[in-house]
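Me: I have a chain on the screen and would like to go through its architecture step by step. Could you answer a few questions about it?

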Amino acid sequence: MTCEDSIQETIELAEHIDRQWDVYFGRYLEKPISPGRRSFYCESKLRHITHGDIEHIAPNSKVPTKAYAWENLTLACDVCNENKGDHFSTDPEKSHDNLIDPYADEPADRFLFLREAIAARPDSFRAKATDAVIKLSRIDLLERRRERMAFIDGLVSAYCQAPAQFKELLWDDLVSNHLTSANEYAATSQAYVRFLNDRGVIDRQLGAGSEK
Ligand SMILES: [Zn+2]
């Protein structure tokens, strides 16, 4: 595919995105953290909060040459998109103020998670910038993450109370169906399960592969 073809395809998908979700996201299946149909920044499934917007990681207003670059395009809910605005600096000396890139950054290395609460790690300038700009602790997100963690609680409770012969099955279901990167609030859920393991609630450890 030529560059012109790629640009034309992007324009067409942007114009028909409601009908082209799967084609569009097929482009991102190989990304380290596939966003699925989730907001790039807050991990909310778009259907829960909004229809979603095409997100330019480097905004058109500041890096117009990346306007149609695949690696610069993703999806964000309209709240994250509006909060982010054109926040981006091409000045290397101000790169610490740019937001984290969920394609490249591991959330657990940038944020502290305690059940539904999220805070930027004090040693990560870009996480602090992301939290300040995107507002990851806004009320609607806290409520949605609290609901999700309550759901995870139910699965963990079933695991803890299950007879020994069923534990493997229930653990596999939890890890394979509810803690993958395709699940809503995956980073929060994975961190919560690790916390439960640290505190001795769960006798199994979540492997690093679960984050991929
Ligand atoms: Zn969002």
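This is a predicted model: local features need pLDDT of at least 70, side-chain atom pairs count only at pLDDT 80 or more; totals for chains, interfaces and linings use all residues.

Me: How many helices and strands does the chain have, and in which order do the elements run?
Reply: Helices (H or I, at least four residues) and strands (E, at least two) are taken as DSSP runs and numbered from the N terminus. On that basis the chain has 9 helices and 4 strands. From the N terminus on, the order is α-α-α-β-β-α-α-β-β-α-α-α-α.

Me: Which residues of helix α6 are buried, and against which elements do they pack?
Reply: A residue is buried if 20 or more other C-beta atoms lie within 10 Å of its own, exposed if 12 or fewer, and partly exposed in between, with C-beta atoms placed from the backbone. The buried residues of α6 pack, by contacts in which C-beta atoms placed from the backbone lie within 7 Å, against α4 (78–84), α5 (107–110), β3 (111–114) and β4 (117–120).

Me: Are α7 and α8 roughly parallel or antiparallel to each other?
Reply: The axes, which are lines fitted to C-alpha atoms over the stretch in contact, with angles from 0 to 180 degrees between N-to-C directions, come within 9 Å for α7 (residues 139–161) and α8 (residues 164–178) and cross at roughly 160°. The contact is made by I152, L155, A158 and Y159 of α7 and K167, L170, W171, L174 and H178 of α8. Angles under 35 degrees count as roughly parallel, over 145 as roughly antiparallel, 65 to 115 as roughly perpendicular and the rest as oblique. The two helices, α7 and α8, are therefore roughly antiparallel.

Me: Where does N60 lie, and does it count as buried, exposed or partly exposed?
Reply: N60 is found in the loop between β1 (53–56) and β2 (73–76). Because N60 has 13 C-beta neighbours inside 10 Å, N60 counts as partly exposed.

Key. Residues are numbered from 1 along each chain as its sequence is written. Two residues are in contact if their C-beta atoms, placed from the backbone, lie within 7 Å.
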